[in-house]
Each structure stands twice: as C-alpha cells, then as structure tokens.
Amino acid sequence: MRRPLKLAADGAHHTSARIHDERELLKLEALYCSHGDTVHYADPPKLFERCEGSFLYDAEGREYLDLQMWYSAVSFGYRNPRLNHAVTAQLDRLPQLASQYLHREKIELAAHIARRVENTWGMKGRVQFNVGGSQAVEDSLKLVRNARGGKSLMFAFEGGYHGRTLGATAITSSYRYRRRYGHFGERAHFVPFPYCFRCPYGKKRDDCGLYCVDQFARLFDSEYHGVWDGKAGECEFAAFYVEPILGTGGYIIPPPGYFEKLKGILEARRILLVDDEIQMGFYRAGKFWALENFNVKPDIIVFGKALTNGLNPLSGLWAREELINPQAFPPGSTHSTFSSNPLGTAVALETMKMLDEEDYERMTALKGAYFLNGLNELKRRHRTIGDVDGMGLALRMEICGDDGFTPDRAKVDLLVDEALKGDLEHDGKHYGLVLDIGGYYKNVITLAPALSISYGEIDLALALLDQLMNRVAKRRAQHA
Ligand SMILES: Cc1ncc(COP(=O)(O)O)c(C=O)c1O
C-alpha cells in the first residue's frame, strides 16, 4: 500500500518526504493517468505544491514566476484573497443547486454582464452559462445555426483556437486536433489572420491598404467563388468566429482598421460575428472585452477562463436579444448539470464587482506599456528576438534564427525547459520561470502575467528572461 504523505506539525509536508512522494506520484501518473487530456512539455513533468500571487512553488520550495497564469485563467493572481473568499462564503451558504432552480448569483452575474455589454455597445442581450470554454463555443454554434436556418458553415481564422470538443475543433484551424477523430459539423473555411510580421500576402503593414480584407471581400464578388448566392442575396456561411487577438496562435495583434473593414463585409452579408473572448477577455488585452480595442460590435460573445480566476469552472455566452430571446432560443436548447453552478457564479460575480471597483483599463495599459518597453529593450540586445508586441498585458516575444525572422522552435523549447529548472539567479535568490509557447511555428513565447503583477515583478521577469536568453545562446554556441 502507498505510504500516506507525512505532515509536519504546522500542516506542511516535510520536504524530503515530499520529494520522495513526488517520485512515487510520477510513477503512478505514468501508469494510471490518461495522457490524452494534456501534453507534458517537460520531461519529467513538473509538479507544483503551492501558489501565491504571481508565483508557483515546487516541493523544494523553489519559486517560479508565472508569466502565463494558466493560459490567462488566473488573471487576478493565485489565491486572490477576495475571490477565494467568495468561494468559501458560497461553500458555507449554498454550494450546490440544480440549475432548474434559481440562485441569486446566477441572476446577478447574468444581469451584470448583459448590462455591461449594453453600456459598452448599446445592445440588449442575454447571458447563459456552461462549464468550460469549449462548451460555451458549442452552445454558440447552436445559437448561430438556429439563427441562420440551420446553416452549419462558419468562417474562422488560420491560427484560431476555439477548443477541443468535436464541434469546437471543426472551427479550430489545426488539423492535428481532427486527424484521428474527425469532427462534428462542417469544417470551417479558414481565413488568413492579419499576421503582419509574417504577412501571408507578402505585404508591408505601412502601405498594404488592408489587402487581406480585400481578399476576403473578393469571395463575395461572384457566386463562382463558392460562398455567395447573389440572386438570393444569401451567404452559405452563418458566422465568422474570431479571436480579436489570436491566443494559442501566438498573441498576434491585428492592425488598426482591420476589424472595422471586416465587420462591414459581414454586416452587408448577414454573417454573424462571434467574438471568442475566452483567453483575451476580462482586461487581458487592456479592455474588458478585447474586441473593444477595435471599434466593432459582436453579435455573440463567448467567455470563460479568468471569469472565475481559474477557481470553480464556469464559462458562458452573451448574445443579442434577437438571437437568444426565449422564443428564438427555447428553454432546454442547451443544458449541463453544472452549467450555472453556485460556486462558479459566486466567484464570477465577485470578479465582476472587483473589475468595476478598480481602473483595470488604466492599470493594464500602464503595466503593459512598461513590460513591452522592457521586451523591446531585450529585442535590441538579442537579435534572435524577431518581434515583440503587446496589447494590455497580452504580450509576445517571437524567437527566431540569427536573421531575426526564421522561426526557431528548438530554441524556444530549450528556453522553456531551462526556465523550468528553477536555477536562474537574481539578487542572490534562485528562480524559475513558467512560460508558454504559442504561434503558427511554435516559436512564440506568449506572455500572460497576472494583471496584479507588480512593477518589481515585471523587472524580475525581464531580468530572468535576459539571463535565460544569454544562457541558451551560450549553450547553443558550445554545441555548434
Ligand atoms: C480563445 C479560446 N477559445 C476557446 C478555448 C477553449 O476553452 P477550454 O479549454 O476552457 O475548453 C480556449 C482555451 O485555451 C481559448 O484560448
């Protein structure tokens, strides 16, 4: 039988027992955990014991500055006292309730989000909940099909990611997620994202005149381009699924004017705009909704992740009243046992109140500019950093060869592995860095620090990234 963890008098595990236990855990994991539900990027996989603010801690008490915060699900810092308290208070009062009955938190949360959209964009609408981002995307697909006579064809972006359920993978660009399992519904038509650093049309941002949108518009010039019946004035496609800033695709920020021009085409063709804010929503990109940065209105918004700061799972969608009123989208159109669970809605409601009380727009703009300035400084010092960019606290660092352009995936893998060793040094202390990789060529370090990160922690992040770049360059040079 497996030895139970030894506990010290203060409740903390003895370090040596923990390390021993960690080895046993990894053995068990290798034997009994399906690896189908995740990818272990590190070998051996990394175990963490504790977290606080911007930091994770391993069994040996080493500190890791997290610069990706669970893919932006923990935007408000680990163990955020106010949000944790919302969970425990709900746990003490009404922790569970079937979703056919009502509880105050669900109603107040829906009203809060719907009113916010109304104040921002002047549109009335309603909100419904589910438990994960992919599930909210599935619900949105039903809404769209329902609103457009059952049409199942969607536009989506190259580089876009909307989840791994069978419906969501159909509108997610990577074939890798479909190859073995197929997908439900029709596969999306994938439209190039305006990735100006690597423009798919070989143009330059300064004088391209948004050529990429013109290429999309061209599809509607003639019925022979395969999407538009000019006589009926009808498009075969029901909606365009967008991430305002690509998340998994590498935190790519579109140029000014792009979305305005795109939305003009969609509106003229009655194609719905579905705004996937699952990764970029809730001030990650400097505004409550990332799409607010681009001066266009969505028809449907899907959201998740940071809504509960990564505590009890909750996701949801907002849709225009015309699409989601109970006559158009009748009771029971979607359902999940846990969909508007009291713990999730309670913490989400507290998140919303917190966001109203502080000026997150100003705070993320200032911290984001400071961080980006530091990244630009790093780019000047390391020629293999081909591009840095950022909006709010969604930041990117594209790692390339010596020409500053050719993607260097192997180097990024090395950077991430070295970062996780926990032996970088600053002011006499050891640190690790938690980094995430994204991008079409898996050569982008996508940075999503806690929005609560301090300026001192940003300085620490920049110093550690600098050290990491130097270390990997040296190692590479030794092996050349
Ligand atoms: C933009 C976007 N959409 C959808 C999803 C899927 O969300 P979940 O992983 O909660 O199913 C993600 C997750 O990374 C995402 O980033």
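A disulfide is a pair of cysteine sulfur atoms within 2.5 Å. This is a predicted model: local features need pLDDT of at least 70, side-chain atom pairs count only at pLDDT 80 or more, and totals for chains, interfaces and linings use all residues. Residues are numbered from 1 along each chain as its sequence is written, and side-chain values use heavy atoms, without hydrogens or water.

**View 1. Cysteines without a partner.** The search of the whole structure returns zero disulfides. For C235, the closest cysteine sulfur belongs to C212 and is 18 Å away, too far for a bond. C235 has 4% relative accessibility, so it counts as buried (buried is under 20% relative accessible area, exposed over 50%, partly exposed in between; 1.4 Å probe, protein chains only). For C199, the closest cysteine sulfur is in C196, at 6.5 Å, again too far for a bond. C199 is partly exposed, at 24%.

View 2. Around the ligand are G132, G133, S134, Y161, H162, G163, E243, D276, I278, Q279 and K305. By class, this shell holds two nonpolar, six polar and three charged residues. Ala, Val, Leu, Ile, Met, Phe, Trp, Tyr, Cys and Pro count as nonpolar; Asp, Glu, Lys and Arg as charged; the others, Gly among them, as polar.

View 3. A polar contact here is a pair of N or O atoms within 3.5 Å. A ligand oxygen atom is 2.8 Å from a polar backbone atom of G133. A ligand nitrogen atom is 3.3 Å from a polar backbone atom of Y161. Taken alone, the ligand exposes 390 Å², and the protein buries 81% of that (Shrake-Rupley areas, 1.4 Å probe).

**View 4. Backbone at K305.** K305 is not a glycine, yet its phi is positive, about 35 degrees. The residue sits in the loop between β11 (300–303) and β12 (315–320). Strands are DSSP runs (E, at least two residues) and helices likewise (H or I, at least four), numbered from the N terminus. K305 is partly exposed, at 28% relative accessibility.

**View 5. Backbone at D427.** Phi of D427 is also positive, near 50 degrees, in a residue other than glycine. D427 lies between β15 (424–426) and β16 (429–434), in the loop. At 74% relative accessibility, D427 is exposed.

**View 6. The cis peptide bond at P44.** D43 and P44 are joined by a cis peptide bond, with omega about 0 degrees. P44 belongs to the loop between α1 (15–32) and β1 (50–52).

Definitions and conventions:
A residue is near a molecule or strand if one of its heavy atoms lies within 4 Å of it. A polar contact is a pair of N or O atoms within 3.5 Å; within protein, one must be able to donate a hydrogen and the other to accept it, and residues adjacent in sequence count only if both atoms are side-chain atoms.
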